[in-house]
Structures are given as structure tokens and as C-alpha cells.
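Subject: Structure handover, with notes on salt bridges and disulfides

Hello,

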Amino acid sequence: PSLLPCSLSTPHTDPGTATAAPLSSVPAQPRLNVVRKSDGYCGRIIRAQTHGTRRDGHHEFRLRVEGDPETYQPGSTYRVVLLAISPAYFRGFTLIALKEGREGTTDDDYTGQFQNIDKEDTQFMTNCAPAVTESTPRRRTRIQVFWTAPPTGSGCVILKASIVQKRIIYFQDEGSLTIRLCEKERVFGEATEAPAMECCACGTAKYRITFYGNWSEKVHPKDYPRRANHWSALIGASHTRSYVLWEYGGYASEGVRQVAEFGSPIKMEEEIRQKGDEVLTVIKTKAQWPAWQPLNLRAAPSAEFSVDRTRHLMSFLTMLGPSPDWNVGLSGEDLCTKECGWVQRLETDLIPWDAGTDNGVTYESPNKPTIPQEKIRPLTSLDHPQSPFYDPEGGAITPVAKLVMERIARKGEQCNMVPDTIDDIVADIGQEEKEEDDTPETCIYSGWSPWSACSSATCEKGLRMRQRMLKAQLDLGVPCPHTQDFQPCMGPGCSMEEPSTCMMSEWISWSACSVSCGMGMRSRERYVKQYPEDGLLCQLQTEEIEKCVVNDECYTTLCMLSTWSDWSECSVTCGQGVQTRQRMLKSDPAGCTEELKQTEKCMLPECPIDCMVSEWSEWSQCNKSCGKGHTIRTRMVKLEPQFGGSACPETIQRKKCKIRKCRTKMKEERGGAGGGKRSRRGKQGRDAAAEEQPGCRMQPWASWTDCTKICGGGIQERLVMVKKRAKGTLMASCKDRKEIRACNIHPC
């Protein structure tokens with residue numbers, strides 16, 4: 001059958017107000033218009049299912065919405081799973097969502113939108129586009145699809161499934177294959193879902209948020225990181241509708257990425273403060289080390305902030321660490337009610353979300369950036385089998401934190417359409433008693449500007465300033481002060497408070513010995529009663545381990561070892577190196593002599609060898625005793641290049657030399673008719689007389705010596721001896737001579 005996709009819409013969903021763990025930002029698919037007869041093919045399917053074969057009390061199959069919610073949040077997206085309990089299976093199925101009380105005979109009877117996750121398993125029905133069915137008939141035990149709930153005011157919804165197993169169709173109107181979900185009712189004073197209209201509240205409201213971390217080894221035992229677990233500093237703001245701190249389906253800014261991956265709020269705060277009048281209050285709390293402690297040892301962190309008619313949304317985030325890029329928070333929580341008042345109290349559980357900047361799947365996965373960056377999305381229990389939140393049944397993730405937001409004061413004239421409750425009045429009076437505002441009523445000011453940057457860029461104390469403008473002075477006789485406000489501050493990353501000390505509990509008693517016979521280990525622990533704010537100054541030991549012996553005369557237990565690890569990478573990048581592998585001891589080390597580490601040689605391609613040459617020789621004597629000549633120097637190739645190494649440089653250098661001018665010109669003997677040719681004897685005579693000096697007679701030149709090298713540049717020499725010296729001739733001007741030349745200069 002052909003695939004007919006169904007239209008989906010995914011409006012902004014607030015994770016704090018959803019009953020279950022909805023998914024967000026599911027890409028929409030275009031819906032194709034399907035022409036159906038008046039009777040409706042979908043209607044015939046419903047009638048066939050209703051009258052199909054059914055067994056009483058049959059519970060081998062189950063239709064489930066992830067998180068098992070009792071209500072649905074309008075516009076939220078949920079994962080719907082159809083399961084067969086082993087050893088049962090099914091070959092085909094049909095899945096529909098109807099408005100309660102409808103028969104499925106018209107398009108208007110269907111509500112919500114399905115989306116296929118795995119198109120190899122599921123597709124939309126050819127002649128009934130709102131229904132999902134199998135792509136190919138085969139044995140299966142599970143399918144899953146996304147379902148986006150209808151908008152506000154749609155009433156209750158019936159999700160129905162039929163199962164085809166062999167020739168039997170199972171369909172239950174009130175059994176495990178039918179789910180009834182009604183729209184979640186909004187309680188008066190509760191936050192609105194999404195800012196769909198302008199805020200009509202008057203005055204301002206002040207809130208206190210308190211963050212309760214519930215991420216602990218007891219509640220989330222799978223792979224819980226025992227060391228360095230913490231919550232980063234909480235960072236957020238009250239802001240306008242046009243400013244988005246973070247949101248599902250959006251991309252993390254650099255500030256969000258630095259909070260998500262490193263727990264650093266500095267860049268995020270910088271981004272918030274750059275928004276100027278779009279932000280009313282920056283919300284901050286300190287980091288929590290460790291992530292969880294009883295409230296009688298450490299108070300839950302809290303912060304206060306204000307909202308007004310234009311800046312009535314609140315967003316925040318905080319990282320759970322260590323983690324790849326996992327956070328909790330609220331995005332665009334609207335504190336303005338439809339009754340033109342301010343939300344009294346909000347209490348919401350928080351589940352972690354993924355910032356889309358790191359590919360890790362476990363708490364302590366190595367850093368691996370996501371390229372290209374992905375969209376922000378909530379984590380689910382079906383993301384990855386190695387995830388600490390994984391549940392093969394697709395259950396809801398246990399919340400890792402809770403946020404309580406309470407209104408503690410209101411200022412200015414209020415215009416809410418519902419009369420104030422006693423709680424409202426008491427909260428306002430209590431705040432008025434705590435705050436003293438000496439601003440005269442005849443002075444009308446603008447709102448405060450954002451705080452300026454700190455005058456100190458280091459951890460030396462400085463000042464920051466904010467300003468407001470005097471808009472009107474109703475009584476000129478009453479001065480209007482206080483248009484500037486100053487606060488002490490420090491540079492980024494510094495703390496205004498002195499570092500706290502580390503207070504430890506007493507040691508808890510020793511644990512039982514790890515063995516029932518022989519030598520084992522036992523341990524004891526203590527915990528931090530008061531942690532330093534930065535979590536890094538407390539270096540005191542929290543655990544001690546020592547050996548223990550139980551009945552030392554008993555027989556030695558067998559040596560239990562883990563399997564060998566994979567071989568490590570070679571220790572070198574070329575040539576010969578070593579690689580190792582290891583295994584761990586799982587039993588008492590006493591008497592266990594098995595090796596725990598092995599090493600072997602590894603060979604990679606040969607390393608390049610560069611050419612090596614000797615130092616230069618001294619410059620030779622000039623090859624002429626008078627007039628212009630030349631002298632040379634050489635060096636030897638000690639090692640030829642191999643395996644792509646660098647080539648050899650030059651091995652011979654020549655330079656000109658001139659000792660003195662020659663005093664006489666040599667005569668040439670000419671031979672042959674007309675002097676056109678020289679006889680061999682005449683040439684020998686010229687060579688013999690070439691170097692004669694006044695008063696000296698020289699013998700002919702000797703033959704050239706053999707070249708000192710067969711390639712790569714060598715040298716040759718030849719000599720001429722004094723034959724006869726005239727009387728009175730100086731020894732210095734009449735002596736034996738030597739001539740040098742280069743040879744075999746071609747490369748080897």
C-alpha cells in the first residue's frame with residue numbers, strides 16, 4: 001500500500017507543565033487530501049474491528065503512551081507504543097485516535113496527529129489517512145509512533161489499536177488496547193502554557209524560586225558518577241516574549257553551550273545583560289557540590305526576581321555534571337494569568353534535556369562535539385541502551401529535580417479580575433514589612449537600567465552601577481533622590497564571599513569484610529557536612545580501605561580474572577613500538593600470580609630517514625701560484641636518505657682566489673703547417689713551462705690522482721716538481737706546486 005503521511009503540528013511545549021514526558025520539535029509532515037466515499041473506509045475499519053473476533057480477558061497485547069499519563073497537554077507530542085508480551089507476537093495492526101463518542105465515519109471524528117518513527121515498520125493507511133498500520137506483514141512484538149495531542153478545548157481522546165495475529169483480530173473497547181486521555185485542566189493561578197496573547201496584569205510581582213535537586217545514586221542508580229557529581233550555578237532571567245533564552249527545537253547559543261557542557265554561567269549572563277530593556281531581572285544561584293545532600297545539612301538554593309507587564313516570562317537552566325551536555329530548566333514560563341493577575345505558586349518536576357552540542361550518551365562520556373549542531377530536545381528513556389535513563393519499556397524518566405516558584409510580593413495597583421485571596425494579602429503585607437522604600441510618592445521614575453559591567457576585571461573588589469530617569473516631579477518642594485544605584489562586585493569567576501571551610505562528618509563504622517574466608521578488603525566512609533562553594537577546596541578523604549582477614553586457616557579461593565581488554569594503540573607513529581592489554585583481578589589478590597598486563601611489539605611503516613653529511617673540509621690551496629685561480633672545499637655523505645627522508649644538500653663548494661700577478665707571459669710553441677696545429681710534444685712543453693718562475697725550471701705535470709669518491713663529489717690532485725733552480729734564486733719563489741680539481745660530482 002502507498003504511504004499517505006499525516007499532518008503534524010508541534011507548538012511550543014513547556015516541560016514543567018506536562019503531565020507525562022512529552023517530546024517536542026518533531027518535524028511536521030504535509031498531509032495529503034484523501035477523497036473518501038460518504039460511508040468512509042475508516043468507518044468500515046472501525047465496524048470491522050468492533051465486530052471482530054475477541055477473547056475475554058485477553059492481555060497479551062498492550063497499547064501504551066510513554067509515561068502512562070492520565071491526561072494530555074494540548075499540543076504536546078508523546079511516544080505511543082504497541083507491545084506484545086512474550087511469547088505472543090502480532091503480524092499486523094491498526095492504530096487510530098478518535099474524539100470521545102465519535103464513530104470514525106467523518107474526518108472530524110479523528111483528533112491529534114500521528115507521525116511514523118520507523119517507516120520500515122509503520123505507514124499511514126492507503127484509504128484511511130488518519131490511521132497507522134504496518135508497512136509489511138511480519139512477526140513483530142513492538143511498534144512505536146509519535147502522537148501530537150490536539151489543541152486546547154478538544155476534550156477527551158480515545159486511542160484504539162487492533163491486532164492481527166494469524167486470522168484473529170483483537171480489539172478491546174475498554175481493555176489493554178484502548179486508552180482514554182482527557183485534556184489537562186488548568187488550575188486558576190497556574191502558569192499559562194505559552195504566551196499566546198499580551199499580558200493584561202498590572203503592577204509588578206516578585207517571586208522566589210527554590211531549586212530542589214533529586215539527582216542521587218539512590219533515585220538514579222545506573223552508572224551514577226560518585227565523584228564530582230554536582231549542579232552548576234543556576235542562571236536565568238525574567239524577560240519579554242521576544243527574547244528566547246533557550247527552547248525545545250531551537251539551537252543552543254554559545255552561552256547555553258558553555259553552561260550545558262562546562263557548567264560555566266559567565267557567557268550566558270553576558271548574553272542576558274546584552275538584551276537591555278528586554279530583561280528585568282537576572283536570576284542566579286550558586287553551584288551545588290555534591291549534587292545531593294539532605295536539606296538539614298544544606299539548604300536548597302533559591303533566588304528572587306521580579307516581573308512586569310512586558311517582562312512576564314521566566315527562563316532558567318542548570319547543568320547536571322558530569323554529563324555530555326545535559327541540563328534541566330524552564331523555557332518561557334509565563335507568570336501572567338488570563339485573569340490579568342500573577343501566578344500564585346508553581347511547582348514542577350524537571351527532567352533532563354540535551355543541548356545538541358555533544359554526542360555523549362553516558363554521564364562520563366569523552367568530549368565529542370556534535371557536528372553539525374543539533375536542536376535542543378528532552379531526553380527520553382528510549383534514546384540509547386547505554387544511557388543512564390534507558391528503559392526498554394519506554395517508561396517516563398524519573399525527575400532529577402523539582403522547582404518551586406512562589407509569589408512573595410506585588411507592587412503597584414493590581415487589576416486582576418478575581419478578588420485577592422487571604423494568601424495574596426498576607427504575602428503582600430509581609431513583603432511590605434521587609435522592604436523600606438524611601439522614594440517620595442511625588443517622584444515618578446523610569447525602570448532601572450541593567451547593571452553595568454564591573455569596574456574591576458580581576459578578583460579585586462570594584463563597583464557596578466545602574467541608573468533610572470526622573471520622568472516627573474509632581475511637587476517641586478520635595479527632592480527626588482536616588483537616580484543611581486551602586487553595588488560591590490568582582491571580575492568574572494570571582495566570589496564576593498570568603499571561601500567556606502570543609503566540614504566532615506565522623507567516620508561511619510567499617511563495612512563487613514569482602515570475603516567469608518581468607519584475606520579481603522573492608523571500607524568505611526564519611527561525608528561532607530559543609531561543602532565549599534566552588535567544590536574544589538575540600539580535599540579531605542571521604543573513604544578509607546584496608547585489608548581484613550577472616551579465618552586465615554581456610555583454603556585459598558580461586559583466582560578470578562576479567563577478560564583481556566583490547567590491545568592499546570602502538571606506542572609510536574612509525575617504526576617499531578609496543579602495545580599493551582590489561583585485565584582486572586576480581587577475587588582476593590592473595591595467592592593469585594596470574595599476570596594482569598601483557599606487552600607485545602608492534603611495527604608500523606618505517607620512519608623517514610633524512611640525509612646526513614659531515615662537516616665541511618678546510619678550503620684547499622689555490623690551484624694557481626699566480627694570477628686568477630680557484631679553491632674548493634668538500635663534505636662527505638654519511639647517511640643516504642631512506643623511506644622518503646629529505647634529500648642530501650650540496651657536497652662541493654668553489655670560490656675564486658688570486659695570490660699575485662704573474663710577471664712573465666708564457667711562450668707557445670706552434671707546430672704543423674702554418675701553425676694551425678700543435679704537436680703533442682709542443683703541448684707537453686707548454687704544460688711543463690706553465691708554472692715556471694724566473695730562475696726556475698719545472699718538470700712536466702704528473703698525472704691526476706684517482707678520484708677520492710666514485711659519486712657524490714670527490715677531488716683529484718696532480719704535482720709539478722722543480723727541475724733546476726738558478727743560482728741566487730730565492731727558495732720561496734721556486735718550489736714544487738700542486739693543483740686540485742673536483743671529480744665525480746654526479747649524485748650517488
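A salt bridge is taken here as a side-chain nitrogen of Lys or Arg within 4 Å of a carboxyl oxygen of Asp or Glu. Glu717 and Lys738 qualify because their closest N and O atoms are 3.7 Å apart, within the 4 Å limit. Please keep in mind that the model is predicted.

Salt bridges

The Glu717–Lys738 pair links distant parts of the chain: Glu717 sits in strand β38 (residues 714–720) and Lys738 in strand β40 (residues 737–743), 21 residues apart. Glu717 is partly exposed at 29% relative accessible area, and Lys738 is partly exposed too, at 32%.

Over the whole structure, the search returns 26 salt bridges. One of them joins the side chains of Glu100 and Arg180, with an N to O distance of 2.5 Å. Here the partners are 80 residues apart, Glu100 being in the loop between β4 (92–99) and β5 (113–116) and Arg180 in strand β11 (residues 178–183). Glu100 has a relative accessibility of 39%, which makes it partly exposed.

Another salt bridge pairs Glu546 with Arg522, and its closest N and O atoms are 2.5 Å apart. This pair also connects distant parts of the chain, from strand β30 (residues 543–550), which holds Glu546, to strand β28 (residues 518–525), which holds Arg522; the two residues are 24 apart. Both partners are partly exposed: Glu546 has a relative accessible area of 28%, and Arg522 has a relative accessibility of 27%.

There is also a network, in which salt bridges with shared partners connect Lys99, Arg102, Asp108 and Asp109.

Disulfides

The count of disulfides is 12. Three of them are described here, in sequence order.

Cys454 and Cys489 are bonded, with their sulfur atoms 2.1 Å apart. The angle about the S-S bond is 95°, and the link is right-handed. Which of the two cysteines is buried, and which is partly exposed? Cys489 is buried at 7% relative accessibility, whereas Cys454 is partly exposed at 24%.

Cys513 is joined to Cys548 by a disulfide with an S to S distance of 1.9 Å. The torsion about the S-S bond is about 90°, so the Cys513–Cys548 disulfide is right-handed. Cys513 lies in the loop between β27 (503–504) and β28, and Cys548 in strand β30, 35 residues apart. Strands β28 and β30 are also the ones that hold Arg522 and Glu546. Cys513 is partly exposed, with 22% relative accessibility, but Cys548 is buried, with 10%.

The disulfide between Cys707 and Cys743 has its sulfur atoms 1.9 Å apart. This link is right-handed, with 90° about the S-S bond. Cys707 is partly exposed at 21% relative accessibility; Cys743 is buried, with a relative accessible area of 8%.

Regards

How values were computed:
Residues are numbered from 1 along each chain as its sequence is written. This is a predicted model: local features need pLDDT of at least 70, side-chain atom pairs count only at pLDDT 80 or more; totals for chains, interfaces and linings use all residues. Side-chain values use heavy atoms; hydrogens and water are left out. Helices (H or I, at least four residues) and strands (E, at least two) are DSSP runs, numbered from the N terminus. Buried means under 20% relative accessible area, exposed over 50%, partly exposed in between (1.4 Å probe, protein chains only). A disulfide is a pair of cysteine sulfur atoms within 2.5 Å.
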